[in-house]
Amino acid sequence: MPPSTVETAAEPSGDPLFALVVGLYVALLAIAPTVFGVARLVSGDAAVLYGTVIATATVGTGLGWWATERFGSLSHRLGATRARWVPGLLGLGYAFAGLLSLDRAGVVGVLAMFSEIGAMALGSALGVMARTRYTDALLADSERHCVFTAGWPKAARNRLLALVVPLWAVGVAGVASVYVAPELWPLTVAQILIPVGIAIFMQSEPREYAVTAEGLEQRLPVARRLLPWTQYTGYTRTADALVVHRSWWFDSRFALEDLDDPDAVAAALARYLSAA
C-alpha cells in the first residue's frame, strides 16, 4: 500500500533566495495601494509619487525578507499545500483590478497593472520554489527505485494539442480585443487561456521521473514536484505507453519508445499501484 501521508519532511534551514523573492513580491503588492493613497491624501506630484514607489519597494522588500527569515520554514509550509498558488492568484486579481481602473485612476492604474503583473509572476515563482523545496526535504533520504525520462506518445500528444488549440484561439482573441474592441473588456480576461493552454500541453513533454515510496517524483530543469501515490488509481500498459491513471486531471503517460527498459519501469510502478 502507498504511504498515507507526506508530512514527515524535515524542516528546511534558512533560505535567503526564497526570502528575497518573498520581499520583492510583498513590495510589488504594496506599491499600487500606497501610491494611490499618497496621490489622494498627500500629493499627486510626479516626484512625490516616484519617491513613494522607491520607498515602498525598499521597505516592502526588507519587511518581506525579514519576516520570512524571522519566522522560518515558510517555503516548507507553503510547499506542502495548494495554498502555494495563492500568491500568484492574488497578483492576477490585482492586475485585472488595475486594468479595469485605467480610465479612472490614470497613471496609478497603469502602475497597479504592471506592478501586479510582476507580483503575479513572482507569486507563481514562489509557488514553484516552495513546492521544490518541500519535495527536496521530503525525498532527501528516499530511495529511487527507478529513474527514467519519457514524454507522451505521439498520438496522445496530438489529442492533447487538439484540446488546447481552441484555448489558445480564444486567448489570442482576448489579446486582440485590447486593441480592436477595448470596450469589450470582459473578453480581455480570456488572455489567461494562453498560459493555461501552454501549461496543459507542456505536461506531454519529456520529463525525468523517479519512482519513490512517497510517490512519483517529476524533475524539471529548475524545479521538482512530488505526485503522491494517493493521486493515482492504477496503471495500464498499452501498445505505445505506460499510462498511470489519476483520480482527477490528466493521466501520466510514458511513451514506450522513450524508455530504455519498459519492463523495469512497470515493475517499479507495480510496487505501489495495481494494474488497471
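Buried means under 20% relative accessible area, exposed means over 50%, and partly exposed is in between, using a 1.4 Å probe and protein chains only. Keep that in mind for the whole talk.

This is a predicted model: local features need pLDDT of at least 70, side-chain atom pairs count only at pLDDT 80 or more, and totals for chains, interfaces and linings use all residues. Residues are numbered from 1 along each chain as its sequence is written, and side-chain values use heavy atoms, leaving out hydrogens and water.

Let me start with the overall picture. The chain has ten helices and seven strands. Helices (H or I, at least four residues) and strands (E, at least two) are DSSP runs, numbered from the N terminus. Of the 276 residues in the chain, 41% are buried. The chain exposes about 14500 Å², and carbon and sulfur atoms supply 66% of that area. Accessible areas come from the Shrake-Rupley method with a 1.4 Å probe; for residues, only the protein chains shown count as cover. Now contacts, meaning heavy atoms within 4.5 Å. Take those with a separation of 6 or more: residues 24 or more positions apart account for 67% of them.

Next, the sheet. Four strands form an open sheet, in the order E1-E2-E3-E4, with antiparallel pairing. E1 (146-150) and E4 (224-228) are the edge strands, each pairing on one side only. From one strand to the next, the twist averages 25°. Two strands pair if DSSP finds at least two bridges between them.

Look at E1 and its neighbor. Five bridges join E1 to strand E2, residues 207-211, and the two run antiparallel. Ala 150 has Arg 207 as its bridge partner in E2. Helix H10, residues 262-270, packs on the sheet and touches E1 and E2; its direction makes about 120° with that of E1. Axes here are lines fitted to C-alpha atoms, for helices over the stretch in contact, and angles run from 0 to 180 degrees between N-to-C directions. Phe 148 stands opposite Tyr 209 in E2.

Which side chains of E1 are buried? Cys 146, Phe 148 and Ala 150 are, and they point to one face.

E3 and E4 pair in the antiparallel sense over five bridges. A hairpin of four residues joins E3 to E4. Gln 218 has Arg 225 as its bridge partner in E4. E4 is mostly covered, with four of its five residues buried.

On to salt bridges. A salt bridge is a side-chain nitrogen of Lys or Arg within 4 Å of a carboxyl oxygen of Asp or Glu. By this rule the count is eight. I will show you some of them.

Begin with Asp 15 and Arg 133. Their closest N and O atoms are 2.2 Å apart. The pair links distant parts of the chain: Asp 15 sits in the segment before H1, and Arg 133 in helix H6 (residues 107-138), 118 residues apart. Is Asp 15 buried or exposed? Asp 15 has 18% relative accessibility, so it counts as buried.

Then Arg 219 and Glu 208. Their closest N and O atoms are 2.7 Å apart. Arg 219 is partly exposed at 24% relative accessibility. Glu 208 is partly exposed too, with a relative accessible area of 30%.

One more pair: Arg 237 and Asp 263 meet in a salt bridge, 2.7 Å from N to O. This pair also links distant parts of the chain, with Arg 237 in strand E5 (residues 232-237) and Asp 263 in helix H10, 26 residues apart. Arg 237 is partly exposed at 44% relative accessibility. Asp 263, at 51%, counts as exposed.

Salt bridges that share partners join Asp 136, Arg 144, Glu 208, Glu 217, Arg 219 and Arg 224.

Last stop, the surface. Leu 41, Val 42 and Val 48 form a nonpolar patch there, with about 320 Å² of accessible area together. Patches are made of residues with over 30% relative accessible area and no salt bridge; like charges are joined within 9 Å, nonpolar side chains (Val, Leu, Ile, Met, Phe, Trp, Tyr) within 5 Å. Leu 41 lies in helix H1, residues 16-41. Leu 41 is exposed, with a relative accessible area of 75%.
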